[in-house]
Amino acid sequence: MTASHPRHRRALVVPAGMALATALAFLPNTAATAAPAHQGAPSADAASLSYVVNVRGGHGAPAHVKKAIAKAGGTIVTSYEKIGVIVVHASDADFAKTIRKVPGVQSAGATRNAPLPSAATTDLGSPKVLSAAEVAEATEEAAAGQDPLQNLQWDLPAIKADKAHEKSLGSPKVTVAVIDTGVDDTHPDIAPNFDRAASVNCVAGKPDTSEGAWRPGAAESPHGTHVAGEIAAAKNGVGMTGVAPGVKVSGIKVSNPDGYFYTEAVVCGFMWAAEHGVDVTNNSYYTDPWYFNCKNDPDQKALVEAVSRATRYAERKGAVNVAAAGNENYDLASDSITDPVSPNDGAPSDREIDPSECLDIPTQLPGVVTVASTGAKGLKSSFSNYGRGVVDIAAPGGDSTALQTPEPPATSGLILGPLPGGRWGYMAGTSMASPHVAGVAALIKSKHPYAPPALVKALLYAQADATACTKPYDIDNDGKVDAVCEGPKNRNGFYGWGMADALDAVTR
C-alpha cells in the first residue's frame, strides 16, 4: 500500500500553536532561537557528495585505507575509530566503487544523491497560534497541581503518566537525547531540564559544540523542540507537562537546513550520545535519502552498516534506542511494499521492496525499540505503520480529531508540545508516539538506575498494557478495512507488546 509522504519524516501536521506573553520572562537574557550561521554543512565543491567508508572488523581506520581515500580524491571529514566508520567528501562519481576494492574496506557508499547543500534555508512558515481566549480557557480549567495546559494532554492519562507523576517525576541523573532537527533549550518548558553537556550539532557528520549549535534555525522545523517537550517538559507551572518531567533532555541536531537526515549526521548523533552518558535516544525520523535501504545495493548496504554500527555502539555504552515506526500505514511485515519517495533528494520512482531485506533505518535495526502510534480512542492511528514482529510497543501519537475525538476538556486529537520561541502547539505522527516511549524508558531507568539497556527494554515490554488487535480496522467507518492486524493480544502487529505504561514504570 502506498500513501502520501509528509515532508517532516515522522510528524504529520503542525496545525496549531500557542504563545504565552509572559513565557520568556522566566528566562532572563534569553536569545533568539535562530542557530548560529556556522551550523550548516561545510563548504565544498558544488559537485561533491558525502560518503561513509566502513572498515572491516568494525574498529579503527588503517593508514593504507586513509591513503587510498586521499588517492581517490576523497577528503576525510572525520573517522569514528571505535566503530570503523569514516566520513568522506569526494567529487569523483566513481569514488565509492574505487574504495570498495581497497583491502580492509567492508563497504562504502554515497549518503546522498544531491550535492552537498549550502547553509541557506527556506522559510517553512509559522505555526497557527491559538487565540487568547483558547489559551485562557485551557488555563482556567487546569486542575490543582496541573500545569496550565495539561488538560489538553489526553495522551498523559492514556499511558497513566498523570498517575505516575504522583509517585515520581523521574531522576535528573537520567538523560534522554533527542536526535532530531534541533532543540530550543531557551523554551521555558525545556530550559529547567536541558542537558547542555550532552547536546551538539552533528549536521556536518562531526560534532560542533559551539554555544547554541544544537538549536533549530529560525526557519527550520520545530519538530525536535516538540519531541523534547513531550519527553521532559518540566512540571513548573508553565505550559504543558512531559512524560518524564524530572529527567534531563539533550538536543543532538542531525537535520540539515534543507530538512534532510543524512547518514553521516545520524552516525555522529549516536556516537555523541554513546560518549556522553545518554540513557535513552529518541529517533523520530528516517535516514535520508532512502526510506528503505536495500542490502543488494552497494551504496544503501553501506548506509545500513554504518548506522547499525553506531546504534549497537550506543547500546553497548548504555543507551536504549527508541524510534518511530513511520506514517504511511505500511505493513512492515508484508512481503512487498511500494516505495514511491526514494531517493527523496534525487529522482524518486515507484519501486517494489521487501521490508525484511530493505530496511527503514534506524527504525528496523536490531535492538531498536520500534513504536507505533495510537489516537485518542486507543486505536492504531490511521497513518501509523505496523507489522507483526516489527512493532515492539505503542503509544499516543495522535490522529485526526474527526477519527479519534478525545474526551473533554481536551479539544484536539493531536499531541500538544512546545514550539521554538516560547510557544506551544499540536503535532501528530509516530514522531509523537516515540517520545512517549522514550519518556517511559527514562522513568524505568530512573527507578532502576543500574539496569542495562536489555533489562530496561524487557521491563518496558513486560509492563506494557496488552492490547488486542482491532478487527476489523475501519478507522474512517467507510465499510472498507484500512489495515489488517495479526497476532495475539500480547504481541501483535498494531500494538506490539501493548500500550506503554508509565505508572508501572515508576512502581514496579
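Predicted model: local features only at pLDDT ≥ 70, side-chain atom pairs only at ≥ 80, totals over all residues.
Student: Then where is His223 found?

Tutor: His223 is found in helix H6, which covers residues 223-232.

Student: What makes His223 count as buried?

Tutor: The cut-off for buried is under 20% relative accessible area. His223 has 3% relative accessibility, so it counts as buried.

Student: How do you know that H6 is largely enclosed by the rest of the structure?

Tutor: Because 10 of the 10 residues of H6 are buried. Among them are Gly224, Val227, Glu230 and Ala232. The buried residues of H6 pack against strands S6 (175-180), S8 (248-253), S9 (280-283), S17 (415-419) and S18 (423-428), and against helix H9.

Student: Which residues does the UniProt annotation "active site" cover?

Tutor: That unreviewed entry lists Asp180, His223 and Ser431.

Student: How do you know that they cluster in space?

Tutor: The three positions are spread over 252 residues of sequence, yet the largest C-alpha distance is 10.1 Å.

Student: And what makes the pair of His223 and Asp180 side chains a polar contact?

Tutor: The cut-off is 3.5 Å between N or O atoms, with one able to donate a hydrogen and the other to accept it. The side chains of His223 and Asp180 come to 2.7 Å, so the pair qualifies. His223 is also in contact with Ser431, as well as with residues including Arg10, Ala11 and Ser284.

Student: What does helix H9 give to the largest nonpolar core?

Tutor: That core has 51 residues, and Val322, Val369, Val371, Ile393, Val437, Val440 and Leu460 are those with the most contacts inside it. Helix H9 (residues 430-447) gives the most to this core, with nine residues. A second, separate core of 40 residues includes Ala198, Ile252, Leu303 and Ala314.

Student: Which residues is Leu460 in contact with?

Tutor: Beyond its neighbours within four places in sequence, Leu460 is in contact with Val369, Ile393, Val437, Val440, Ala441 and Ile444.

Student: Now, why is H7 called roughly parallel to H8?

Tutor: Helix H7 (residues 263-275) and helix H8 (residues 298-316) pack at an angle of about 10°, with their axes 8 Å apart. Angles under 35 degrees count as roughly parallel, so the description applies to H7 and H8. Their contact involves residues including Val266, Phe270 and Ala274 of H7, and Leu303, Ala310 and Ala314 of H8.

Student: What makes Gly269 a buried residue?

Tutor: Gly269 has a relative accessible area of 0%; that is under 20%, so Gly269 is buried. The place of Gly269 is in helix H7. Gly269 is in contact with Ile179, Cys202, Ile252 and Val254, leaving aside neighbours within four places in sequence. Gly269 and Ile252 are 17 residues apart in sequence, and 6.1 Å apart in space from C-alpha to C-alpha.

Student: Finally, how much of the chain counts as buried?

Tutor: Of the 508 residues of the chain, 61% count as buried. As for the contacts with a separation of 6 or more, residues 24 or more positions apart account for 77%.

Terms used
Residues numbered from 1 in each chain as written. Heavy atoms only, no water. Core = buried A, V, L, I, M, F, W, Y, C linked by side-chain atoms within 4.5 Å. Buried < 20%, exposed > 50% of the residue type's maximum accessible area, 1.4 Å probe, protein only. Helix = DSSP H or I, 4+ residues; strand = E, 2+ residues; numbered from the N terminus. Contact = heavy atoms within 4.5 Å. UniProt positions renumbered as here; feature names shortened; annotations may be inferred. Axes fitted to C-alpha atoms, helices over the stretch in contact; angles between N-to-C directions. Parallel < 35°, antiparallel > 145°, perpendicular 65-115°, else oblique.
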